[in-house]
Amino acid sequence: MSDDPKHSGNLPIETEFSDEEIVKSHVELAKTKHEPTANFLLAPLVFVFVFGCLIFVCSIQLAHSTNSFQLHPPVEIVELTPEEKEALRMDRKITSGEKIFAARCASCHQANGLGIEGQFPPLAGSEWVSADPGVIANVIIKGLKGEILVKGKKYGTSAAVNMAAVPISDREIANVSTYVRQAWGNSSAEVLEDDVSRIRAESSGMQDQWVGAELRKMFADSFGQ
Amino acid sequence: MSVDSPDKVIDRSAKLVFSFFLSSAGLWLLTAALLAYVAAAKLTDPFFLSTYEFLTYGKIKVAQANAFVYGWGGNAIFAVSIWILARLSQAEVRGSVFIVFAGVIWNLAITFGLLGIMDGHMSGHEMLEMPTEVWPAMLISYLIITFLVLVIHRSRQVRETIAPQWFILAALLWFPALFLIAWNGLEINPARGTLQTVLSMWYGQSLVWLWLTPVALGAAYYLIPAILGRTIDKYYLAIFGFWCIAALAPWSVVHHLEGGPVPMWIPAIGTVMSIAMVFPIAVASTNFHATAFMDIGKVWDSLPLRFVIFGTLSYTVSSYIGVVFSLPAVAKITQFTIINEFHFNQRVYGFFSMIIFGAVYFALPRITGKEIPKAAKSFHFWTSTLGVLMLLLAYLIGGLTHGVLAGQPSLPWASSVIQSIQPYFLITKFAFIILAFSQFVFVVNVWRVIFPNPFAFFAADDKEASA
């Protein structure tokens, strides 16, 4: 112990304040709060002011960031313009139509819509597809039998479309025919579900499939000549 | 020998318990320092000790935190709080044998817990990673010690209590409460879904705020008047600060979940309560520093007080930094960075440990009657100051760099972000070496006083008692 006892300051003898005194003086302090003063005390005022500000800041923060104590985070509301909504609707319709086509039509008409020469007529560039929407809707609802001429070639000698056996809803028909009318370079107008319903109602009494010539006569003006 | 003063009698009654807890705390401190170095070294050199499965980073990091908080923190809390409460109550420590017995169980439980962690039996809950098998032993031994501390407090001479007693007793009682709530909600009746994460994180953070922090604050409330010989300035605020910590701290810790998959109001409340934590921080720092700066020369001269004031200053500064980091706008940058390391290390090294060092240097000469050379203490002070400042600055600046760079998705991760933080990890590695060295100096200082001659310890004790 080479250090100077005067400066070590922590030898047991040097304690200036015994524990008894610490307890007693602080207990006394807690009772009297503070020494009597002539003027007001600055510190409590500062504390009250600062703490008041803090409580204010805290309340603002609480009101703004708790999301009204909801369990889930707020849903982001996206405002779309009418054009964007229309594009979104069309996009969904085409996607749905594409799926239906792949599941129900592509086995014969092929995924590329070109059909098989001599057996299944093509849909790409077909005048039957680009004619009045009623043509394609009628064919899907009731089916088609007999020979037809598509893009100058004969089809339908061996196979007939017989859709009556397969249930398909008006919406599905609208979707898939819209897809077909707009895929592979086709660019015909959209087919609406309401039109399909009307067509279905009109042909509800019919037992047999359509014959190509009948349809050509019904929608003569849309076939061009 | 003349008639001993009551203080001498109390010190003698506390000698066995104090020496036991302090020497085990020292061993845990060195263990934690070693583990901290290994963990830090692995961040700069991934191949360091990579052939040992039980020394993988995830295990070492967790083992270090547990060894530090329960091993060093727990034992130091027992030593310091028993002595301070006995002194303030003017009552002798009774049932030393039971306390030491419980202390042995506590230390064994942590030892097995750490071995369990190394063996891969982690529980996965923050700061409760030790295998669940050791939890009952920890709780029971803790309750035995706390009960005997309450016995000391119950036999106090003056009925009224003062600030150090509130803080230390509250901390002693809060720990089992936190532990039981976490145990119940995580293992006995496991909470479902998100709540479990919230609870686990809440326990880990509250442990620091409601266990380590109040003990250190209580020790500061005792040591500053005892060494300076003057009462705490604006003491009437202390009770307000105490209840603010009790009411706000457990709420404020949930701000660490900012940006996490929890309902928005949880981190929002945490942020608000963190801002409100400015109250108790302002109160404590006013109390401590207004008193200390009346006699700054004496603070500098007395090494225990120098440690304590370093701790309280560090508490003030870092708590305010913590408030700033809890704001959502700032948390956006800092949330998932090494700033989290800054918070933890600041609390346990810069604040808690520094005040405990001061308390030990104040108490040890009184209890053993032997002075520690001033040069040794001074050396310890400067090395730990250097280590702590290096560590904290590296984590702070590194964390901010990390946050700013990680927020730019265009930067390549490994070649740009990691490269920029690498130097800071290197600094922390050296800081941990310095800290380990300073802690080694502390343990040597303490052990040389407690066991001047290891074989004569009990003999000397008997001689003193019979005199």
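The following legends describe several close-up views of a predicted model.

**Figure 1. Overall make-up of chain A.** Along the sequence they follow the pattern α-α-α-α-α-α-α-β-β-β-α-α-β-α. Chain A is divided into domain 1, residues 15-68, and domain 2, residues 91-223. The centres of domain 1 of chain A and domain 2 of chain A, taken over C-alpha atoms, are separated by 85 Å. Of the 225 residues in chain A, 22% count as buried. Among contacts in chain A between residues at least 6 apart in sequence, 63% join residues at least 24 apart.

**Figure 2. Helix α8 of chain A and its surroundings.** Helix α8(A) comprises residues 170-182, a run of 13 residues. From its first C-alpha to its last, α8(A) reaches 18 Å, close to the 18 Å expected at 1.5 Å a residue. Ten of the 13 residues of α8(A) are buried, so this helix is largely enclosed by the rest of the structure. The buried residues of α8(A) are Asp170(A), Ile173(A), Ala174(A), Asn175(A), Val176(A), Ser177(A), Thr178(A), Tyr179(A), Val180(A) and Arg181(A). Their cover includes α4 (82-104), α6 (127-130), α7 (133-142) and α9 (193-202) of chain A. Just after α8(A), Trp184(A) takes a positive phi of about 50°.

**Figure 3. The contact between chain A and chain B.** Here 37 residues of chain A are in contact with 41 residues of chain B. On the side of chain A that touches chain B, the elements giving two or more residues are α1 (5-8), α2 (19-32) and α3 (42-65) of chain A. The most comes from α2(A), which gives ten residues to this side. By type, the residues on the side of chain A that touches chain B divide into 18 nonpolar, 13 polar and six charged.

Figure 4. Helix α4(B) holds 20 residues, 135-154. Its span from first C-alpha to last is 28 Å, close to the 28 Å expected at 1.5 Å a residue. Met138(B), Ser141(B), Tyr142(B), Ile145(B), Val149(B) and Ile152(B) are buried in α4(B). These residues lie on the same side of α4(B) because they cover an arc of only 100° around the axis. Pro136(B) and Arg154(B), on the other side of α4(B), are exposed. The buried residues of α4(B) pack against α2 (57-89), α3 (96-118) and α5 (163-188) of chain B.

**Figure 5. Leu217(B) in helix α6 of chain B.** Leu217(B) is found in helix α6 of chain B, which spans residues 194-228. Leu217(B) counts as buried because it has 31 C-beta neighbours inside 10 Å, the cut-off for a buried residue being 20 or more. Leaving aside neighbours within four places in sequence, Leu217(B) is in contact with Phe167(B) and Ala284(B). Between the C-alpha atoms of Leu217(B) and Ile321(B) there is a separation of 18 Å, and the two residues are 104 residues apart along the chain.

**Figure 6. The nonpolar cores.** The largest nonpolar core has 164 residues. Ile82(B), Leu223(B) and Ile355(B) are those with the most contacts inside this core. Not counting residues up to four places away in sequence, Leu223(B) touches Pro304(B), Leu305(B), Val308(B), Gly358(B), Ala359(B) and Phe362(B). A second, separate core has 23 residues, including Leu123(A), Val191(A), Val196(A) and Leu215(A).

Terms used: Residues are numbered from 1 along each chain as its sequence is written. Chains are lettered from A and ligands numbered from 1 in the order in which they are written. This is a predicted model: local features need pLDDT of at least 70, side-chain atom pairs count only at pLDDT 80 or more; totals for chains, interfaces and linings use all residues. Helices (H or I, at least four residues) and strands (E, at least two) are DSSP runs, numbered from the N terminus. The expected span of a helix is 1.5 Å times one less than its number of residues. A residue is buried if 20 or more other C-beta atoms lie within 10 Å of its own, exposed if 12 or fewer, and partly exposed in between; C-beta atoms are placed from the backbone. The arc is that of the directions from the helix axis to the C-beta atoms. Two residues are in contact if their C-beta atoms, placed from the backbone, lie within 7 Å. Domain bounds come from an automatic or database domain assignment. A nonpolar core is a set of buried Ala, Val, Leu, Ile, Met, Phe, Trp, Tyr and Cys residues joined through C-beta atoms within 7 Å. Ala, Val, Leu, Ile, Met, Phe, Trp, Tyr, Cys and Pro count as nonpolar, Asp, Glu, Lys and Arg as charged, and the others, Gly among them, as polar.
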